[in-house]
Amino acid sequence: MVFFREYLPHPALHAFVQHYSVLHIQRPSGHATTGLPAKPYPPNTEQCLYFYPFDLPHSIPDGQQAPIAAAASNVVGQQITRYNITINPDYLMLKVSFRPGALFRLLGMPLYHVTDTAADLETIIGRGIRELNEQLPEAADYAAMVRIIDAFLLKKAAGCRYDLLPIDKIAQQMLHVSAYHQLDRFAAGACLSIRQFERKFRERVGVSPKLFTRIARFSHAYQLRTNQPDRSWTDIAYACHYYDPTHLVKDFQQFAGTSPGQLFADDTAFRQFFAGYETSGIRI
């Protein structure tokens with residue numbers, strides 16, 4: 001069984017949360033695990049919370065061999081490296097995707113501490129998360145799980161001590177593929193000098209503004225190919241404001257550790273492995 005769906009947050013959380021995602025993959029009892037491909041997760045522009053009510057997955061950063069075990073709840077900062085995720089027999093992932101700068105405001109922790117890594121959310125927040133982790137496996141359905149997380153975040157947002165600043169609104173604009181060439185304008189829009197803009201951006205997002213816009217452009221290119229698999233990489237390169245296809249390939253090598261075609265092939269192999277499963281929602 002494969003289930004995937006996105007849920008909208010409570011209206012009071014709109015300034016913090018973009019959406020919730022639920023992905024549940026249950027392999028039938030006795031289903032062979034040999035040949036099971038890992039799910040490739042290349043970088044995108046999200047800073048997230050991840051919850052795993054059932055089996056805990058393992059991830060392996062590109063270029064490494066030792067797997068990293070996830071906790072029941074995790075803070076994941078701005079990713080700059082591809083991770084390959086092992087899907088265990090009862091894999092249920094609930095992801096909270098935040099707007100740029102919002103996770104910093106909610107946790108009050110500089111996001112550069114979790115750039116390209118994950119931290120156990122319980123060690124950061126404490127007992128409240130332990131109670132949430134215990135509630136999620138007992139929830140009646142996926143929507144009930146989302147409501148539990150929604151209620152927890154509403155309490156956190158009510159106690160938020162960090163205001164929404166112009167730089168946070170500017171960071172949202174930087175998700176556009178053309179943002180790579182406009183950093184001076186963005187700093188001015190945030191009412192900051194270039195140096196102040198870069199320092200505050202690292203604190204609130206976890207990486208430099210320039211790197212963030214490169215990841216945004218790379219992620220958009222990969223998403224275009226996922227949605228339009230017959231579209232050429234050359235056409236995608238120019239549509240995403242790359243100088244030429246060579247620059248697109250360099251970004252894929254840096255952020256995904258491989259060529260555009262190979263990353264797409266790896267993701268396709270994962271999808272095809274579960275193609276025969278009963279599905280609900282949209283494709284994984």
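The model is predicted, and local features need pLDDT of at least 70, side-chain atom pairs count only at pLDDT 80 or more, and totals for chains, interfaces and linings use all residues. Residues are numbered from 1 along each chain as its sequence is written, and side-chain values use heavy atoms, with hydrogens and water left out.

Helices (H or I, at least four residues) and strands (E, at least two) are DSSP runs, numbered from the N terminus. A residue is called buried under 20% relative accessible area, exposed over 50% and partly exposed in between (1.4 Å probe, protein chains only). A nonpolar core is a set of buried Ala, Val, Leu, Ile, Met, Phe, Trp, Tyr and Cys residues joined through side-chain atoms within 4.5 Å.

The largest nonpolar core holds 36 residues, of which Y20, L49, F51, V96, F98, I149 and L153 touch the most other members. At least two residues of this core come from each of β1 (2-7), β2 (17-26), β4 (47-51), β9 (90-98), α1 (102-107), α3 (127-135) and α4 (142-158). Helix α4 gives the largest share, eight residues. With residues up to four places away in sequence not counted, I149 touches Y20, F51, L94, V96, L132 and L136 (contact: heavy atoms within 4.5 Å). Another core, of 32 residues, lies apart from it and has among its members V207, Y222, C240 and L263.

Strand β4 is largely enclosed by the rest of the structure, because five of its five residues are buried. Q47, L49 and F51 point one way from β4, while C48 and Y50 point the other way. Two strands are taken to pair if DSSP finds at least two bridges between them. β4 is joined to β9 by five bridges, and the two run antiparallel; the partner of Q47 in β9 is F98. β4 also pairs in the antiparallel sense with β7 (residues 73-76), over four bridges, and there F51 stands opposite S73.

An open sheet of four strands has the order β3-β8-β5-β6, with antiparallel pairing. The edges are held by β3 (39-41) and β6 (68-69), each with a single partner strand, so one side of each is left without a neighbour in the sheet. Three bridges join β3 to β8, and I85 in β8 is the bridge partner of K39. Between β5 (residues 58-61) and β8 (residues 83-86) there are four bridges; S59 stands opposite I85 and I60 opposite N84.

K39, in strand β3, counts as buried at 9% relative accessibility. Its contacts, leaving aside neighbours within four places in sequence, are Y83, N84, I85, I87, D267, F270 and R271. The side chains of K39 and D267 are joined by a polar contact of 2.7 Å. A polar contact is a pair of N or O atoms within 3.5 Å; within protein, one must be able to donate a hydrogen and the other to accept it, and residues adjacent in sequence count only if both atoms are side-chain atoms.

R204 is placed in helix α7 (residues 194-205) and counts as buried at 5% relative accessibility. The side chain of R204 reaches the backbone oxygen of D163 at 3.3 Å. Not counting residues up to four places away in sequence, R204 touches G101, F104, R105, L111, D163, L165, I167 and D168.

Helix α8 has 19 residues and reaches 27 Å from its first C-alpha to its last, close to the 27 Å expected at 1.5 Å a residue; the expected span is 1.5 Å times one less than the number of residues. Since 15 of the 19 residues are buried, α8 is largely enclosed by the rest of the structure.

Helix α10 (residues 245-256) has 12 residues and reaches 16 Å, close to the 16 Å expected. L248, D251, F252, F255 and A256 are buried in α10. Seen down the helix axis, the buried residues of α10 fall within an arc of 100°, so they line one face; the arc is that of the directions from the axis to the C-beta atoms. Their cover includes α8 (209-227), α9 (233-239) and α11 (260-273). At the start of α10, a side-chain oxygen of D244 comes to within 3.0 Å of the backbone nitrogen of T246. Just after α10, G257 takes a positive phi of about 70°.
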